[in-house]
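Okay, thanks everyone, let me share my screen.

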Amino acid sequence: MMSSRSLFAGILLMCSTAVWSADSPTLYVPRLAAPPAIDGDLAEWKELAFTDGVWDIYRLRHAPWFEPARNRLTDHGDEPSPAEDLQARYYTAWDENYLYLGAEVRDNANDVEDPEPADKRWYFQDCICWFMEGPRDEAPEFFGQGDNAFCFVADVRRPPAAAWWRHGSPDSTYLEEPLPAAAVEYQLRMDPWGRSQGDFILEARVDLRATFGKSDPRWAPPQVGDEYGLEIVHTDPDGGPYGGHFIVYGTGDDDSTFGRMILVGPSAPVERRKQ
Ligand SMILES: [Ca+2]
Ligand SMILES: [Ca+2]
Ligand SMILES: [Ca+2]
Ligand SMILES: [Ca+2]
């Protein structure tokens with residue numbers, strides 16, 4: 001028989017799922033007026049992109065989509081504070097041809113060794129993925145039509161599988177392949193602040209037509225006002241098979257939980273005024 005406590009937990013879970021799916025965060029992602037150089041330096045566009053500041057486990061645990069079994073860090077016995085284990089700022093922007101993706105990551109250890117190496121196992125390594133749907137719809141789909149994950153393993157050796165593309169199509173789900181070389185450009189800068197070998201900056205651009213155009217025949221070149229789905233998945237095993245895992249703006253592979261990414265025109269940098 002189900003205890004009243006587990007029944008209550010079950011009801012809570014149902015409530016939080018229902019509330020969350022009806023209430024995905026709305027993220028206004030600016031267009032870049034000038035295309036950035038993809039060189040591992042975000043300076044020319046980070047002030048003009050969408051970012052909502054630093055994510056760490058303390059912030060994540062107060063997010064409505066937080067699930068402690070999946071949004072977690074790993075204890076290998078000699079960990080630094082949870083804040084030093086992983087924190088990151090993520091940057092997202094677009095123009096008529098490309099998505100621009102960036103991250104500034106503070107991580108205590110660079111782990112790009114998969115205990116059972118296989119191309120599609122990016123989540124067994126330090127990796128940041130943008131899970132997206134374009135155009136966004138209300139149907140819950142799991143890497144079906146319109147769904148695209150753009151994943152970047154923090155591996156300076158840059159094997160082909162380090163820039164990975166998981167996507168759907170009108171008749172298939174979970175298609176797994178490296179991002180075609182013609183569709184992606186990216187750079188990693190390791191230890192950019194001379195602080196930790198695990199720190200890195202990622203700067204990437206992904207060709208929209210070569211990806212979304214393949215996954216959904218309804219896709220059209222982006223315009224201000226278009227709505228995409230967006231979730232960021234950041235894995236941080238730091239040794240061992242599977243470990244730290246941040247999920248931001250959604251609950252996992254179900255695209256109906258992704259944040260609502262609204263394409264907007266160019267934004268101005270944060271304003272600072274004289275006193
Ligand atoms: Ca740059
Ligand atoms: Ca870490
Ligand atoms: Ca959908
Ligand atoms: Ca790591």
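Before we start, one definition, since I'll keep talking about packing: two residues are in contact if their C-beta atoms, placed from the backbone, lie within 7 Å. And keep in mind that this is a predicted model.

Overall picture, then. We have four helices and 12 strands in the chain. How does the radius of gyration agree with a compact globule? For 275 residues you'd expect a compact globule to come out near 19 Å, and the chain has 19 Å, so that agrees. If you box the C-alpha atoms along the principal axes, you get roughly 60 × 55 × 45 Å. Of the 275 residues, 40% count as buried. And among contacts with a separation of 6 or more, 70% come from residues 24 or more positions apart.

Now let's go to the sheet I like to start with. What is the order of its four strands? It's an open sheet, it runs β2-β3-β9-β8, and the pairing is antiparallel. β2, which is 86–94, and β8, which is 184–190, stand at the edges with a single partner strand each, so one side of each has no neighbour in the sheet. On average, neighbouring strands here are turned by 10° against each other, if you ignore direction.

Let me zoom in on the β3 and β9 pair. That's residues 98–107 against residues 200–207, antiparallel, over eight bridges. If you want a landmark, take Tyr-98: its bridge partner in β9 is Asp-207.

Then comes helix α4, residues 208–215. It packs on the sheet and touches β3 and β9, with its direction at about 65° to that of β9. Which residues of α4 are buried? They're Leu-208, Thr-211, Phe-212 and Ser-215. Look down the axis of α4 and those buried residues fall within an arc of 95°, so they line one face of the helix. As for what that face sees, the buried residues of α4 pack against β3 and β9, and also against β5 at 147–153 and β6 at 163–169.

The largest one has 59 residues, and the members that touch the most others are Cys-129, Trp-130, Phe-150, Cys-151 and Phe-152. Take Cys-151 and leave aside its neighbours within four places in sequence: it is in contact with Trp-122, Cys-127, Cys-129 and Trp-164.

As a reminder, most residues other than glycine have a negative phi, and most peptide bonds are trans. Here we have a cis peptide bond between Gly-134 and Pro-135, with omega at about -10°. Pro-135 sits in the loop between β4, which is 127–133, and β5.

Is Arg-158 buried, exposed or partly exposed? It has 13 other C-beta atoms within 10 Å, so partly exposed. Tyr-174 also has a positive phi near 50°, again in a residue other than glycine. Tyr-174, though, is found in a strand, β7, residues 172–178. With 14 other C-beta atoms within 10 Å, Tyr-174 counts as partly exposed.

Last stop, two loop residues. Where is Gly-198? It's in the loop between β8 and β9. Gly-198 has 21 C-beta neighbours inside 10 Å, and the cut-off for buried is 20 or more, so it counts as buried. Leaving aside sequence neighbours within four places, Gly-198 is in contact with Asp-107, Asn-108, Ala-109 and Asn-110. Gly-198 and Pro-180 are 18 residues apart along the chain, and their C-alpha atoms are separated by 27 Å.

Now compare that with Val-224, in the loop between α4 and β10, which is 227–236. Val-224 has 12 C-beta neighbours inside 10 Å, so it counts as exposed. Val-224 and Gly-265 are 41 residues apart along the chain, yet their C-alpha atoms are separated by 6.1 Å. Beyond its neighbours within four places in sequence, Val-224 is in contact with Arg-31, Leu-263, Val-264 and Gly-265.

Okay, that's my tour. Happy to take questions.

Notes:
Residues numbered from 1 in each chain as written. Chains lettered and ligands numbered in written order. Predicted model: local features only at pLDDT ≥ 70, side-chain atom pairs only at ≥ 80, totals over all residues. Pairing = 2+ DSSP bridges. Axes fitted to C-alpha atoms, helices over the stretch in contact; angles between N-to-C directions. Arc of directions from axis to C-beta. Core = buried A, V, L, I, M, F, W, Y, C linked by C-beta atoms within 7 Å. Rg over C-alpha atoms; globule rule 2.2 N^0.38 Å.
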